[in-house]
Amino acid sequence: MPIARLAIQNVRNIAEATLELDPGVNLLSGPNGAGKTAALESLHLLFRSRSFRTTRIASVIQREQKHLAVGATLTVDGRAVQAKTLRSRGGAVELYRDGARLKQTSALARLQPIQLLLPSVADLVFGAPAKRREWLDWGVFHVKPDYMRLLRAYSRALSQRNVVLRQGVTGSDLDTWSAPMVSYGEMLTEHRLNYLDSVAYSIRESLRALTETPFELELRLRRGWSDDDLADALGQSLARDVKSGVTHTGPHRADVDVIVDGAAAATTLSRGQGKIVATAMRIGQALALSASAQTLFLIDEVGAELDPGHSAKLFAAMAGLEGQVVATSAQEPRLPSGVDGRVFHVKQGVFS
Ligand SMILES: Nc1ncnc2c1ncn2[C@@H]1O[C@H](COP(=O)(O)OP(=O)(O)O)[C@@H](O)[C@H]1O
Ligand SMILES: [Mg+2]
């Protein structure tokens, strides 16, 4: 579902830009501060409803301006679709599809799956569990239409339970929220387990495509609780939960153990190897999804991401997926040899 045209208004130093994108690889090349990352950020704002750099939208909107706008023309099921987002300093979010206002922020996210490869991609392996939960939830979201609703229902029950805990109340008032936490929590965990099983093969394939010396890679879900069922686990941690006013157990504490050659990846891999594993985890997700949807890859500082040998392999792997790529580079004015696509030169927020 490639994006044919991208229109950006008032995103950081980009006052107004229209890019006719290649359905394959696009390289944004230019000096530091030119607006390359701002262009990636624009696509992320449109399809993920948030920046990947900051939670403060006001800092993304161009100085002196009240709003920003990002629009794109993309193909969905063979038809051209116009997607658009408007954001204002006050925090208001508006999303449109073919001119009609959308209520759900996830509506555009479903339209165009996005994978982000930042220089910090290795955080997926070395960073906090939240990174891996987000990775996992992205995958489930794109294959299970109902998943977002489940996640929201679970979070609602969890935050209500925490409110009740902080009031020092137990008994039936607490059960009112523990019960839906358990039922939604077990359902969403089932989806997570199934997804992780289904994506494992594609991730190993992607790892083989990225490196000559692949590791034996295994991903294992930590559900977020240790007893057989979640209800028992919640019962077990009740005293602790009451004491601190937060729920310590459940799928909001889930993690994915990344295991290479039988040992925890975070403690055995080098930073560079961690980047490769993390990249394989992201490309593998796109590969697993490729029968039903094409993923858009946003790669910031492609040179910093991987060494030249690995970046050539990265482009080859993405070309094999037929996904669309928008990559930036401050050093490289050209695409790697053998890679077709379009190059944009970026200077002071202007693309040519
Ligand atoms: N709110 C803003 N309004 C105007 N300019 C901004 C704003 N925020 C950042 N900038 C400028 O926009 C540019 C954005 O650069 P960036 O996209 O990160 O550059 P690159 O990725 O090409 O190195 C920087 O020069 C920065 O100073
Ligand atoms: Mg940048």
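In this predicted model, Y184 touches L150, A153, Y154 and A157, leaving aside residues up to four places away in sequence. Y184 sits in helix α6, which spans residues 172–210. Y184 is buried: 23 other C-beta atoms lie within 10 Å, and the cut-off for that class is 20 or more. Y184 and A157 are 27 residues apart along the chain, and their C-alpha atoms are separated by 8.8 Å.

M148 belongs to helix α5, residues 147–166. M148 is partly exposed, because the count of other C-beta atoms within 10 Å is 17, between the limits of 12 and 20. The contacts of M148 are S106 and F141, again without residues up to four places away in sequence. A further pair was examined for M148.

Helices α10 and α12 form a packed pair. Helix α10 covers residues 271–289 and helix α12 covers residues 308–321; the two pack at an angle of about 10 degrees, with axes 10 Å apart. The angle is under 35 degrees, so α10 is roughly parallel to α12. On the α10 side, the contact is made by I276, T279, I283, A286 and L287. On the α12 side, H310, L314, A317, M318 and L321 take part. By class, the residues of this contact are eight nonpolar and two polar, with no charged residue.

The strands come next. Strands of a sheet pair through backbone hydrogen bonds, either parallel or antiparallel. Strand β1 (residues 3–11) and strand β4 (residues 67–76) run antiparallel and are joined by six bridges. Within this pair, Q9 has A69 of β4 as its bridge partner. Strand β4 also pairs with strand β5 (residues 79–88), in the antiparallel sense and over 10 bridges. Here A72 is bridged to A83 in β5. The hairpin of β4 and β5 has two residues between the strands. In that hairpin, D77 takes a positive phi near 50 degrees.

A three-stranded open sheet has the order β9-β10-β11, with antiparallel pairing. Strands β9 (217–222) and β11 (263–264) stand at the edges. Each has a single partner strand, so one side of each is left without a neighbour in the sheet. Strand β10 (residues 255–260) pairs with β9 in the antiparallel sense over six bridges. The bridge partner of R220 in β10 is D257.

Another open sheet is built from six strands, in the order β8-β12-β13-β3-β14-β15. Its pairing is mixed. The edge positions are taken by β8 (114–117) and β15 (350–351), each with a single partner strand; one side of each therefore has no neighbour in the sheet. Strand β8 runs parallel to strand β12 (residues 296–299), and four bridges join them. In this pair, L116 stands opposite L298 of β12.

R12 is not a glycine, yet has a positive phi of about 50 degrees. D98, also not a glycine, has a positive phi of about 50 degrees. R12 is found in the loop between β1 and β2 (14–20). D98 is placed in the loop between β6 (93–97) and β7 (100–102). Their surroundings were also classified. R12 is buried, with 22 other C-beta atoms within 10 Å. D98 is exposed, with 10 other C-beta atoms within 10 Å. The cut-offs are 20 or more for buried and 12 or fewer for exposed.

Key:
Residues numbered from 1 in each chain as written. Chains lettered and ligands numbered in written order. Predicted model: local features only at pLDDT ≥ 70, side-chain atom pairs only at ≥ 80, totals over all residues. Axes fitted to C-alpha atoms, helices over the stretch in contact; angles between N-to-C directions. Parallel < 35°, antiparallel > 145°, perpendicular 65-115°, else oblique. Contact = placed C-beta atoms within 7 Å. Nonpolar A, V, L, I, M, F, W, Y, C, P; charged D, E, K, R; others polar. Pairing = 2+ DSSP bridges.
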